[in-house]
Amino acid sequence: MSTAKLIQGNAAIAQGAFYAGARFYAGYPITPSSEIAQIAASEMPKLGGVYMQMEDELASMGAIIGASLSGAKAFTATSGPGFSLMQENLGMATMGEVPLVVVNVQRSGPSTGLATRPAQSDMMQLRWGRHGDQSVVALIPATVAECFELTVKAFNIAEKYRTQVIVAPDEVVGHMRESFRLPEPGELEVIDRVKPAGEPKDYKPFSFEPGAVAPLAAYGSDYIFHVTSSMHGEDGYSCNTPDNAARRVAQLHTKLEQDIDDVIMVKEFDVEGCEILIVAYGVVTRAARTAAAKAREKGVKVGVLQLQTVWPFPAKAVAKAAQNASSVIVPEMNYAGQMAGEVRKVVGDASMVRTVNSYNGTIMFPDAIEKALY
Amino acid sequence: MKYATGMDYIKTDSLPHMWCAGCGDGIVVRAIACALENLELDPRKIVMVSGIGCWGKADDYFTCNALHTTHGRALAYATGVKSANPELTVVVLMGDGDGTTIGGNHLLHAARRNMDLTAVLVNNYNYGMTGGQASATTPHDAVTSTSVLGNPERSVDVCELAKVAGANYVARETVAQGTRLSKRIQEGIANKGFSLIEVASPCTTLFGPRNKMRQPVDMLRWLKEKGVSEARYDKIEDAAAQGYFKVGKFVERTDPDFNTSYEVMRERLQQKEGK
């Protein structure tokens, strides 16, 4: 039985990846994500896996796609500017339905900005950073324990749906240390991709059945297969007809929508019957809970809905939590209220939604949220 | 003696190929297929990793596994494929724009790491797919759609670059000598570590007509005349200025490749842990 230890969020992410079976890491150094690469460099050889330090983030993303198709669970870690560089090849992973996990420890921008300070300003980059129109999953931890749990979950979602999952803590969560007990093997569910079983000549590496995900062979097995960045049919070969393109794009979306409860994760704190709902994610959740607790002491019924999954957006959960509230507060560490816009789309009366924003590279404190409550 | 036809490695139902009349790409497909046949490699254990552009479409014509990637990044993808499964034979198909211009950084580092990959870089001296623009291998003063008065930039020698970066095997041939080309590719695949085979090939639609070579046959004649052995090249005065280039094998060494070095590191770790 392992005992609890004080560990860092980034270390918990690395441990979560190993627990989930990750055996390939390729990356390029960038703060505040560097600890993940450093731990992967020392641990991967012990696990029989490979660590590769690539020449840039474009190469890192390319390498993990290649490794994943060779059968390895693969991941990389970066921060905002590096994540920008990964977008093109991340889009290719979407087109090729290649399972992988990317950690984006969010830092302040634009550009080099306040390089090592926290922010939650990549929320739209997570969702729409790539050209084209496609689904990825993005998970945001608020605690060290969640760094571990959500990373395991990220690999499970990636493998099950042949999709790309981004784990995006902000700098504070990546660097904070909290007491954490590493689960024993078997304690948490670990999902592996489904491999083909039929005749090799009949193997189709892509499926157009709504909601279905085709089995994924590994290079070097009995199943010869073709993966391309271009529009393709079920056999993996280029196909540019309008019908095929429409089915392909629809499939990329529907495979995640079919079983959405499996992907969408939220946490509710006193949400039942709340007058004011705070919708928060990442480190801000902690400030929101403190602000809500103080308000309840004063007799104001405030609930907090924490979004652990941000993409696909937990629309149903937000709408349900907000149904009896007279106002909804969305505190975020960005200027534009990137997620507040999404909340407005699902709350019946959009004028009910108020924002609290901080964008100076410092953490959001409970009093900033408290002020917005009254 | 049995002569290789390469047909087991060519996806005949994808034929005829999509390239222009007189293009050299078909010859390179055949040269690779024959090399694979001579080495008796199992198509299930081969991955063709390709980039974007005319030659980047070549993966469609092989019966083995394929990964058609983004522009310039084929070597990065191939690095992941190979290091996650060292049993695979990985052949990387890139054009000059793909492998040298946008992908130059990856070429440098794949060679430096000595990844056990065989890069077949088909150089047609311009961007064919997008309309004949200048690339990093377009000769100085050559006319392209984006160097209409002559190319003001100098070109890069891909083989020299791979050599200084640390590739284990480097060769250049032209499509005018298909059998010799196939032999080089075969040697490159057989040699562990990073192998680069640059293939000089005509772009008969865009590059040739703009540079006083109206017919495909003019381009083939150019490749045959100007592509000379290293020994002959060294005897020609101002060879580069006259447009001569070296063909043949330039590097053949046996330095440990990345996977071998990583294995050594792993064993060192196990010994340390064992103590």
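Predicted model: local features only at pLDDT ≥ 70, side-chain atom pairs only at ≥ 80, totals over all residues.
Reader: Hi! What is the volume of the largest pocket?

Author: Hello! The volume of the largest pocket is about 920 Å³.

Reader: Thanks. How many residues line the largest pocket, and which lie nearest its centre?

Author: The lining has 34 residues, and those nearest the centre are B:Pro139, B:Ser155, B:Ala240, B:Gly243 and B:Tyr244.

Reader: Which element gives the largest share of that lining?

Author: That is H5(B), with four residues. In chain B, at least two lining residues each come from helix H5 (158-165), helix H7 (207-210), helix H8 (216-226), helix H9 (230-235) and strand S8 (245-252).

Reader: And how many of the lining residues are nonpolar, polar or charged?

Author: The lining of the largest pocket has 16 nonpolar, 11 charged and seven polar residues.

Reader: Switching to chain A now. At what angle do the axes of helix H1 and helix H6 cross?

Author: Roughly 30°, and the axes of H1 (residues 9-19) and H6 (residues 144-161) of chain A come within 7 Å. Angles under 35 degrees count as roughly parallel, so H1(A) and H6(A) are roughly parallel to each other.

Reader: Nice. Is the crossing left-handed or right-handed?

Author: H1(A) makes a right-handed crossing with H6(A).

Reader: Which residues meet there?

Author: From H1(A) there are A:Gly9, A:Ala12, A:Ile13, A:Gln15, A:Gly16, A:Ala17 and A:Tyr19. They meet A:Val144, A:Cys147, A:Phe148, A:Thr151, A:Val152 and A:Phe155 of H6(A).

Reader: How many of those are charged?

Author: None: the contact of H1(A) with H6(A) has nine nonpolar and four polar residues, and no charged ones.

Terms used
Residues numbered from 1 in each chain as written. Chains lettered and ligands numbered in written order. Heavy atoms only, no water. 1 Å grid on protein atoms, 1.4 Å probe; cavity = no way out; pocket = protein on both sides within 12 Å on 5 of 7 lines; lining within 4 Å. Points joined across faces, edges and corners; volume = space filled by probe spheres on them. Nonpolar A, V, L, I, M, F, W, Y, C, P; charged D, E, K, R; others polar. Axes fitted to C-alpha atoms, helices over the stretch in contact; angles between N-to-C directions. Parallel < 35°, antiparallel > 145°, perpendicular 65-115°, else oblique. Left-handed = near helix turned anticlockwise from the far one by under 90°. Contact = heavy atoms within 4.5 Å.
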